[in-house]
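Q: I'd like to learn how to read a protein model. Could we go through one together?

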Amino acid sequence: MKVGILGGTFDPIHNAHITIAKEALKQFNLDEILIMPTPYPPHKDKNKITGNFHRANMIKLAIGSLDKIRFSDFELNSHDVTYTADTLHMLKELHPENEYYFIMGSDSIASFKSWYRPDVILKFAKLIAVKRDDESSKKMDVNISEIEKEYNTHIGILSMPAVDISSSYIRCNSYEAIKSMVPEPVYEYIVENNLYNNNNNVNKAWSINKIKEDLESLLKPSRFKHILGVADTAKTMAEHFKLNPNKAYFAGILHDCAKYMSDSELLNICYENNIEVSDSEKKKPDLLHAKVGAFIAQKKYNITDPEILSAIRWHTTGREDMTDLEKIIFSADYIEPGRTKQPNLDYLRSISLKNLDLLVYDILKDTMDYLQVNSADLIDDNTSKAYSYYKNAINENKEN
């Protein structure tokens, strides 16, 4: 069978989703389409996403009378954060006779190379790109060409007219305004269960592509190249240490999101929003870009995941007993491929996929050695404590 997979949060499913499924069936002569909701994206607060029960019910209502389009709870029943590569691998093992087609919108195509194991996705499925007749079309052509060239693949094009419907609009507007945007049974379900109307889910987290476009316009080219290097390095490290690579990539892209600000702007944001400023930060306000970066990630880009925000917050100074994601962003900032001036880079990169604590300790040691010689008065208290903490941790491991 030729099976198409249309994934997403579907919060809620709407008419554009149905149109995509119908057109994919027709244009690619598929035998069926699976509407497969994902538990929740890595950069969003799962408490702000409608529960699996309601989202699944709305999908079932939307496709109840449609031929060859069916609901799949495969990812909902797998685990909290599901990677497309794992889903396709498992599906192919369960149904080796099937030929899978994974349907992607423009945002997904633009960020595909940053996904977890794109090579595995392409091994087990063919990609179908939903190409709308609007201003995003030319940019999508470039993204498709890059993917096809890098992975030696061919991406199918699903052509359809631009449809101005989004789940985020539905979630934050009146019932009357959204009535024509969802199938009638879905609309009735939303009203009956009092979903979305007058809730506080107005602010949607920015997509990774939109964040990158915004930061490219704000940061110097060298700084923007740096954050891309940090994001790629963090993603690789996260995959190796069995952490969520999507969170690591988001944190890497956002870690320097306040770097374009002047010292006075950084200080003003801190004073206006009750963000603590240490003595060393008063002397060198540039150090505040980490704290302010976490603030901006939450307030401007609507990122609510506490692990991502914390990794941004501590990427400059470090702290005692960091989480693994914090260690990865702290380290990736120091060793990404664009760095050339830091000491011992070859050694640090050689251990980056072996021992996170040793990597963090050696980076902190190099940092402390440099600061004690050049700027002893600017050593942040958190950096000193982090250095002592990881020095003790490494020594204890040696003794054991």
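Q: Where is Pro-12 found, in terms of strands and helices?

A: Keep in mind that this is a predicted model. Pro-12 sits in the loop between strand S1 (2–8) and helix H1 (15–27).

Q: How do I read a nonpolar core, and which residues touch the most other members of the largest one?

A: Here's the general idea: in soluble globular proteins, nonpolar side chains tend to be buried together. In this model, the largest nonpolar core has 63 residues, and Ile-211, Leu-215, Ile-253, Leu-254, Val-292, Tyr-301 and Ile-303 touch the most other members. Helix H19 (residues 356–374) gives the most to this core, with eight residues. Apart from it lies another core, of 39 residues, including Ala-21, Ile-59, Ile-178 and Tyr-196.

Q: Which residues does Val-292 touch, leaving out those up to four places away in sequence?

A: Click on Val-292 and look for Ala-258, Met-261, Leu-266, Ile-269 and Cys-270.

Q: What about phi: is it positive or negative at Lys-242?

A: Lys-242 has a positive phi of about 65°, although it is not a glycine. You'll find Lys-242 in the loop between helix H11 (221–240) and helix H12 (245–254). Asn-302 isn't a glycine either, and has a positive phi of about 60°. Asn-302 is in the loop between helix H15 (289–299) and helix H16 (306–313).

Q: Are Lys-242 and Asn-302 buried or exposed?

A: Buried means under 20% relative accessible area, and exposed means over 50%. Lys-242 has 74%, so Lys-242 is exposed, whereas Asn-302 has 14%, so Asn-302 is buried.

Conventions. Residues are numbered from 1 along each chain as its sequence is written. This is a predicted model: local features need pLDDT of at least 70, side-chain atom pairs count only at pLDDT 80 or more; totals for chains, interfaces and linings use all residues. Side-chain values use heavy atoms; hydrogens and water are left out. A nonpolar core is a set of buried Ala, Val, Leu, Ile, Met, Phe, Trp, Tyr and Cys residues joined through side-chain atoms within 4.5 Å. Buried means under 20% relative accessible area, exposed over 50%, partly exposed in between (1.4 Å probe, protein chains only). Helices (H or I, at least four residues) and strands (E, at least two) are DSSP runs, numbered from the N terminus. Contact means heavy atoms within 4.5 Å.
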